[in-house]
Amino acid sequence: MSDQHGWMSTGFVKEGLDTPHLRRIAREGALFDHCYCNAPLCVPSRMSFLTGQFPSELGIFNNDSALASDVPTLAHEMGRLGYDTVLVGRMHFKGDDQKHGFDRRLYGDITSQYWGTGGRARKDFGKYAGTTNRLHCTEAVGGGVSPVMVYDEAVWRQAMEFLERWEMDHENRPLFLVVGFYGPHFPFACRQDLYEKYQSLCSVEECEQDKAREALPFYAEYRQECEKERVRNCRAAYWGLVEQLDGYVGALYDKFRQVQRREEHVFVYLSDHGEQLGKRGIFGKQTLYEDAVRVPLIMEGEGIAHGRFSQPVGLLDVSRTLLSLASFGDSKDFDWHQGVCMDLEKPDCDQHWIRIQQMLEEGGEKFLAEAAVFGDYKVIRAQGQWYVYDLKKDAMEEHSLLESCPGRAGELIDQAQKAGCFVEEEKMGWLIARERQACEGQKRLKEWGRAKSPWEWGTAGIPAGTLRGPAE
């Protein structure tokens, strides 16, 4: 599981972007080209995936939220089914509980475990300190060695070493292994050779055009000033990180297949959300646009059809399907899960609405923004307004069908509402009030963290002398 890898930044879509290992794994399994996260932000997306609950059920909408330790996760369920559960690297758990059901965690996270200890306070990040934040992500761009690169290499090595040990002494126990990378999350720095390689993949004219695209009104505060040349440089570095990640995934896949030999297995590659890369003047995630919510999904294993499938699925569907596979199809225990079990033998046969939720703020007021995807259509509701897009004919999501085809748009809105895709008004007010209260508490926790500088035993520090650059 990577962080911030959008579907549009794969070799399946972007000509000239080298992701040969993802292509190879996809040829041996199933490629889902319309997979959506259920929240365009790290913690809400990951906790939703792990618990089988939408952010609106968990009450988790921001990256400072901690999942309660008494909420069962995918790791708890796998453990209950007899699996050895192991986490290597990133999962973005906040607070004292850094396992949430995993038997072992072999390498900590890169982001701060507690509140008020990240950002500019990360002295081990050197000149990259603060650049993992959207507001400062364009401040360090170019070829070099960033904390992301150092961390991901360490995670990859730990995972490879674990698989070698497992091959020798696993005693036929079933294994649920999650390897969490931080790339291709910003800062926008990568190996110098890859940075130079991808400089020509995108012209400054294209960057200027993308930057000038109009955003939905409630994303106005997310726009950042950035010269078109720097937008291009950010993209070059990001694509370099994607190619680096592709190599790690390919090596892990080969080692995993070597260890499994002829045993039944499932290998999955996915990400928690995408990256805007300067489109509409926005970097990072936190939007309902395809760039931020559509992610790569590849599944390979016994009983999984080969081919490319376009039926929309969500990350919640992936975790629900993993539970079904782990329990050999016995689904009676998992009715609480809000995802839909995928038919992996006939992936394009099941069509259902995919729900996406995020909490936003404009002018100091919080509000819930939601999207629902069905086939080629996306329905958005935010601040009492509706937007409906035909994603096949309007890939840039610039022309709402409410203006050109109001009848069809009305039908889709009605269908999405009847399918329960949008939170009821009364519950929405309660969620907003709860989020305000949570944010007030998190402000106090940040003050505590700054005052106490607690030992973060769950965070992997970046060794001195390992970082370099960047130099645009």
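## A first pair of residues

Helices (H or I, at least four residues) and strands (E, at least two) are DSSP runs, numbered from the N terminus. This is a predicted model, in which local features need pLDDT of at least 70, side-chain atom pairs count only at pLDDT 80 or more, and totals for chains, interfaces and linings use all residues. Residues are numbered from 1 along each chain as its sequence is written, and side-chain values use heavy atoms, leaving out hydrogens and water.

## The sheet of three strands

Strand 4 (residues 142-145) and strand 6 run parallel and are joined by 2 bridges. Two strands pair if DSSP finds at least two bridges between them. Both belong to an open sheet of 3 strands, ordered 6-4-15, with mixed pairing. Its edge strands, pairing on one side only, are strand 6 (189-190) and strand 15 (468-471).

Across strand 4 and strand 6 lies helix 5 (residues 147-169), at about 45 degrees to strand 4. Contact means heavy atoms within 4.5 Å. Axes are lines fitted to C-alpha atoms, for helices over the stretch in contact, and angles run from 0 to 180 degrees between N-to-C directions.

Another open sheet has 4 strands in the order 11-12-13-14, with antiparallel pairing. Strand 11 (354-362) and strand 14 (385-390) are the edges. Strand 13 (residues 377-382) is joined to strand 14 by 6 bridges, and isoleucine 380 stands opposite tyrosine 387 in strand 14.

Helix 13 (residues 425-452) lies across strand 11, strand 12 and strand 13, at about 125 degrees to strand 12.
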